[in-house]
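Let's walk through this one together, one question at a time. Have the sequence and the coordinates at hand.

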Amino acid sequence: MKRIKSTYQADWQGLSLAKIDQQMAAMPVAGKIDTLNWNEQYPTAPETIFTVAHTDEMLLVRFEVKGEVPLATKTEDLEHVNEDACVEIFIANADNTRYWNFEFNAAGVCNASHRKSRKEDVVRLNTEQLQSIKRFPVQLCAAHWSLLVAIPLALIELDLAREHARRANLYKCGDKTPMKHYASWNPIQAEAPAFHLPEYFGEIQFGTPESRILNPESRIPNRDSYIMNKK
């Protein structure tokens, strides 16, 4: 099982998403969404990296995708954004009996639910909950885009005073893009593409105030091994 650490950023409280995006773009990459679990049928996927951080109120995930035009035909939340250029994060609740699925197209349109499995006890997020999820999409060039999402800790019932880790997985897909693809961060064992399998979640560990990054720019070379020639 893969593990990553989310860095605590107290001094980001109150910053705009644009400022946070700049900071996270300079941070070390947390991981790559590059596991092609069904590579015989879907052998390629756009190069996708992600960075994770948190404040006292928000879980922040920044995705960056290279080699894909940011297709975004869905314009309303709760539409099937998985058909577009799509990135996703699924995160379990504290006792791992249910999970939230957050799916975003390149424009930041969100489809999200709380559920036990793909078809069991599915509760779609309401309008107020969806509006609480902040999104900051950026088209870096024709086939290079990023998306920063800020998910309230209260929405996923995450209490940092009591919890230090959550099970999660991150995905890249595009069901109706020119290059149909399915990739995950943590590997999945299934015969056909399937993301709603919490038994294959990895783990996000939540750093303490002492472990937060104070000077992200000093770590930029770590990032260059994943994304080169950024324009």
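Q: This is a predicted model. Which side chain does the side chain of Ser-117 join in a polar contact?

A: Ser-117 sits in the loop between strand E7 (110-115) and strand E8 (123-124). Its side chain makes a polar contact of 3.0 Å, and the partner is the side chain of Glu-120.

Q: Thanks! Is Ser-117 buried or exposed?

A: Beyond its neighbours within four places in sequence, Ser-117 is in contact with Tyr-99 and Val-122. The cut-off for buried is under 20% relative accessible area. Ser-117 has 17% relative accessibility, so the residue counts as buried.

Q: Where is Ala-26 found, and what distance separates the C-alpha atoms of Ala-26 and Thr-51?

A: Ala-26 is in the loop between helix H1 (17-25) and strand E2 (31-32). With a relative accessible area of 10%, Ala-26 is buried. Thr-51 is 25 residues apart from Ala-26 along the chain, and their C-alpha atoms are separated by 9.6 Å.

Q: Within what arc do the buried residues of H1 fall, seen down the helix axis?

A: The buried residues in H1 are Ile-20, Asp-21, Met-24 and Ala-25. They line one face of the helix, because seen down the axis of H1 they fall within an arc of 135°.

Q: On to charges: how many salt bridges does the structure hold?

A: Side chains of opposite charge can pair when their charged atoms come close. Lys-32 is partly exposed at 35%, and Asp-34 is partly exposed at 42%. For the structure, the number of salt bridges is 11.

Q: How far apart are the closest N and O atoms in the salt bridge of Lys-74 with Glu-83?

A: Lys-74 counts as buried at 15% relative accessibility, and Glu-83 is buried too, with a relative accessible area of 18%. In their salt bridge, the closest N and O atoms are apart by 2.9 Å.

Q: How many residues apart in sequence are the parts that Asp-77 and Arg-135 tie together?

A: Asp-77 forms a salt bridge with Arg-135, with 3.0 Å between the closest N and O atoms. Asp-77 lies in the loop between strand E4 (58-66) and strand E5 (86-92), while Arg-135 belongs to strand E9 (residues 134-141), so the parts this pair ties together are apart in sequence by 58 residues.

Q: Which residues do salt bridges that share partners join into one network?

A: Here the salt bridges share partners, and the network they make joins Asp-21, Arg-62 and Glu-64. The network, then, is Asp-21, Arg-62 and Glu-64.

Q: Now the rings: how many aromatic pairs are there, and is the pair of Phe-90 and Tyr-99 stacked or edge-to-face?

A: The count comes to eight aromatic pairs. The rings of Phe-90 and Tyr-99 have centres 5.8 Å apart and planes at 15°, so this pair is stacked.

Q: What about Phe-90 and Tyr-171: stacked or edge-to-face?

A: Phe-90 is buried at 0% relative accessible area, and Tyr-171 counts as buried at 0% as well. Phe-90 lies in strand E5 and Tyr-171 in strand E11 (residues 165-173), so the pair ties together parts that are 81 residues apart in sequence. Their ring centres are 4.8 Å apart with planes at 70°, so the pair is edge-to-face.

Technical notes:
Residues are numbered from 1 along each chain as its sequence is written. This is a predicted model: local features need pLDDT of at least 70, side-chain atom pairs count only at pLDDT 80 or more; totals for chains, interfaces and linings use all residues. Side-chain values use heavy atoms; hydrogens and water are left out. Helices (H or I, at least four residues) and strands (E, at least two) are DSSP runs, numbered from the N terminus. Buried means under 20% relative accessible area, exposed over 50%, partly exposed in between (1.4 Å probe, protein chains only). A polar contact is a pair of N or O atoms within 3.5 Å; within protein, one must be able to donate a hydrogen and the other to accept it, and residues adjacent in sequence count only if both atoms are side-chain atoms. Contact means heavy atoms within 4.5 Å. A salt bridge is a side-chain nitrogen of Lys or Arg within 4 Å of a carboxyl oxygen of Asp or Glu. The arc is that of the directions from the helix axis to the C-beta atoms. Rings of Phe, Tyr and Trp (its six-membered ring) pair if their centres lie within 6.5 Å; planes under 30 degrees apart count as stacked, over 60 as edge-to-face and the rest as tilted.
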